[in-house]
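The sequence and structure come first, followed by the description.

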Amino acid sequence: MEKILNRMAIAKNGHEIVVTLIPNEKKQNTLTGFINVEVGKKILLQSGQEVEFNLDGNSFYIAPNEMYKLV
């Protein structure tokens with residue numbers, strides 16, 4: 001089991017938030033049944049909302065026009 005990491009994220013306007021990196025898991029079918037496979041990371045906000053990373057893997061949106069980058 002991999003550690004869950006707390007990281008700081010900052011917006012263009014200087015607003016800072018603390019987020020948690022959690023594994024993004026998908027189900028994979030095997031001969032013995034289904035298993036969960038980690039395919040990347042997701043962001044868990046303090047409000048409990050889970051957010052996907054952008055394609056660069058370093059930034060994410062929490063609302064329209066509110067993009068944050070990990071520090």
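## Basis and conventions

Strands (E, at least two residues) are DSSP runs, as are helices (H or I, at least four residues), and they are numbered from the N terminus. The model is predicted, with local features needing pLDDT of at least 70 and side-chain atom pairs counting only at pLDDT 80 or more, whereas totals for chains, interfaces and linings use all residues. Residues are numbered from 1 along each chain as its sequence is written, and side-chain values use heavy atoms, with hydrogens and water left out.

## Strands and hairpins

Strand E1 covers residues 5–11 and includes Ile10. E1 pairs with strand E2 (residues 16–30) in the antiparallel sense over 6 bridges, where pairing requires that DSSP finds at least two bridges between two strands. Within this pair, Met8 stands opposite Val18 in E2. The hairpin formed by E1 and E2 has 4 residues between the strands, and Gly14 in the turn has a positive phi of about 95 degrees.

E2 also runs antiparallel to E3, to which it is joined by 11 bridges, and the hairpin between E2 and E3 passes through 2 residues. Leu21 stands opposite Ile43 in E3.

Relative accessible area is classed as buried under 20%, exposed over 50% and partly exposed in between (1.4 Å probe, protein chains only). Lys42 therefore counts as buried at 15% relative accessibility, while Val39, with a relative accessible area of 52%, is exposed.

Contact means heavy atoms within 4.5 Å. Not counting residues up to four places away in sequence, Lys42 touches several residues, among them Thr20, Ile22, Glu50 and Phe53, and Val39 touches Asn24 and Lys26. The side chain of Lys42 also makes a polar contact with the side chain of Glu50 at 2.6 Å; such a contact is a pair of N or O atoms within 3.5 Å, and within protein one must be able to donate a hydrogen and the other to accept it, with residues adjacent in sequence counting only if both atoms are side-chain atoms. Val39 and Asp56 are 17 residues apart in sequence and 15 Å apart in space, C-alpha to C-alpha.

## Exposure of Ile10

Ile10, in strand E1, counts as partly exposed because its relative accessibility is 30%.
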